[in-house]
Amino acid sequence: MRQLRHTAPETIVATLIKANLIKELELPGVGTCLALVQGANYYDGRGEEVSARLVAESILLEALKTWIKNLGIGSFDRVALRDEAEQPKIASTLWDLTAPSYLGGLLTYGTGEKPKPGFVACDVLLGGSVSEQGIRPFIHKCEAIRGLPNVGRCLQIFVANGFTKEAFILAKQKGIVPATVENLFGRDVAVGLTQLTNVLKDAATFVRDPIAFNKLFERLKNIEGAATNLRGALFEYVAAELARTKISSQIEMNRIFKDGPVIKAEVDVVSTTPKVSVHFIEAKGYKPRGTIPDELVKKWLEERVPWVYREARKHSDWKSLKIVFEFWTSGILSSEAKQMIAEAQQKIRPNKYTVSYLDSEGIRALALETKDAGLIKNLEEHFLKHPLSEPDVDPTRRDTTRVAIPPTAPEIEADVSDNFEVPF
């Protein structure tokens with residue numbers, strides 16, 4: 001429901017685009033974005049940076065969801081996140097996380113009526129410290145919500161890596177909770193999310209370092225949903241390393257294929273053997289023994305493969321090579337998905353291109369052929385090992401450990417630094 005006397009967001013966007021202040025932009029791995037108009041090529045290469053930040057923020061939001069549920073700040077089964085089908089909303093305003101709250105201080109009482117619940121609303125931003133200018137849009141959104149007569153009281157939280165002194169003071173003055181990842185969840189989680197962002201931006205050598213790989217999973221292991229996000233984000237780097245070892249050392253990741261300014265397809269891994277072949281690999285990290293949705297395979301076969309093939313035949317370095325499309329996953333394919341690929345193999349002329357797949361067993365076999373102990377260990381431990389393969393020491397107990405407040409709260413510094421981290 002739109003707020004009365006408020007201009008519709010679509011109208012604002014259209015006006016700003018017409019004034020040449022913002023533009024719609026396609027970022028690889030992200031999709032359509034609104035961006036300030038900048039010079040030519042200003043946003044080239046920014047897709048990896050934004051995509052990496054969004055993955056890390058998704059894991060942070062899962063941690064916040066568990067934290068809010070465990071402390072009873074919001075209704076246990078009604079915490080909504082931005083990555084879900086229905087966007088978190090209070091009135092007509094979108095947030096990264098929302099939940100109705102029955103905390104005493106947030107309830108509103110009417111005469112002879114049941115108390116009306118309040119809300120907890122949260123936005124997150126990972127990266128550098130949030131400045132005073134950076135916090136102002138969030139403050140404006142919070143104040144707009146408070147002015148609505150039919151909306152309950154709201155606990156408003158902004159989570160970031162850190163805040164400048166001015167931003168922290170301004171947020172507190174406006175009744176907003178400025179919280180940092182470290183103060184909420186401890187240093188390990190804060191370091192893990194920073195490391196993950198850096199890894200996803202530049203992971204060329206990461207998969208070859210099993211110690212760093214394991215530390216990343218270890219630091220984030222207690223966050224519910226983190227493993228799923230990590231598998232999805234990192235499997236393509238495992239696939240790239242396998243392709244580098246078993247197909248060709250000439251590797252390119254996240255290759256974009258456009259129709260003019262519009263992105264039509266993105267290939268996770270391209271492995272080229274000069275004068276011989278080019279392999280286009282779709283890499284899908286998935287939970288151990290989890291079945292890949294048939295729709296993903298169907299879209300790959302019917303949309304991405306034909307488009308990439310047409311573009312490959314125009315490419316000066318690829319047009320005379322053997323073209324191979326492969327679907328690699330750490331999960332399993334349904335019998336229907338396998339049948340779709342088998343039918344495509346029968347219909348497509350071999351001198352045109354070929355399609356094939358590797359599921360978890362095929363990926364395991366390929367990894368074993370590399371004889372790379374670190375790569376094999378990472379793949380087995382984080383992508384292929386079923387969570388029930390190792391029974392608990394005491395089968396009568398379940399480990400319900402989840403992210404919680406650190407055992408000891410950090411002390412408040414008397415001297416506020418430029419990168420102020422608020423205890424919470």
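**Entry 1**

I began with Asn-20, which is exposed, at a relative accessible area of 52%. I note at once that the model is a predicted one. I placed Asn-20 in the loop that runs between helix H1 (9-18) and strand E1 (22-27). I then looked up its backbone and found phi near 60 degrees, a positive value in a residue other than glycine.

**Entry 2. Asn-254**

I turned next to Asn-254, where phi is near 55 degrees, again positive in a residue that is not glycine. I located Asn-254 in strand E10. Is Asn-254 buried or exposed? I recorded a relative accessibility of 18% for Asn-254, so this residue counts as buried, the limit for that class being under 20%.

**Entry 3. The sheet that contains E10**

I followed strand E10 into its sheet. I read an open sheet of 5 strands in the order E10-E11-E12-E13-E14, and its pairing is mixed. I noted that E10 (251-259) and E14 (354-358) are the edge strands; each has a single partner strand, so one side of each lacks a neighbour in the sheet.

Strand E11 (residues 262-273) and strand E12 (residues 277-284) run antiparallel and pair over 5 bridges. Within this pair I found Ser-271 opposite His-279 of E12. I also looked for a helix on the sheet and found H9 (residues 294-314) packed there, in touch with E10, E11, E12, strand E13 (322-329) and E14. For the direction of H9 relative to that of E13, I recorded an angle of about 150 degrees.

**Entry 4. Lys-221**

I looked up Lys-221 and placed this residue in the loop between helix H7 (210-220) and helix H8 (226-246). I listed Lys-221 as exposed, with a relative accessible area of 52%. How far apart in space are Lys-221 and Gly-192? I found 9.9 Å from C-alpha to C-alpha, for two residues that are 29 apart in sequence.

**Entry 5. Cysteines**

I searched for disulfides, taking sulfur atoms within 2.5 Å as the criterion, and the count came to 0. I then checked Cys-142 in particular. Which cysteine has the sulfur closest to that of Cys-142? I identified Cys-154, with its sulfur 6.9 Å away, which is too far for a bond.

Conventions: Residues numbered from 1 in each chain as written. Predicted model: local features only at pLDDT ≥ 70, side-chain atom pairs only at ≥ 80, totals over all residues. Heavy atoms only, no water. Pairing = 2+ DSSP bridges. Helix = DSSP H or I, 4+ residues; strand = E, 2+ residues; numbered from the N terminus. Contact = heavy atoms within 4.5 Å. Axes fitted to C-alpha atoms, helices over the stretch in contact; angles between N-to-C directions. Buried < 20%, exposed > 50% of the residue type's maximum accessible area, 1.4 Å probe, protein only.
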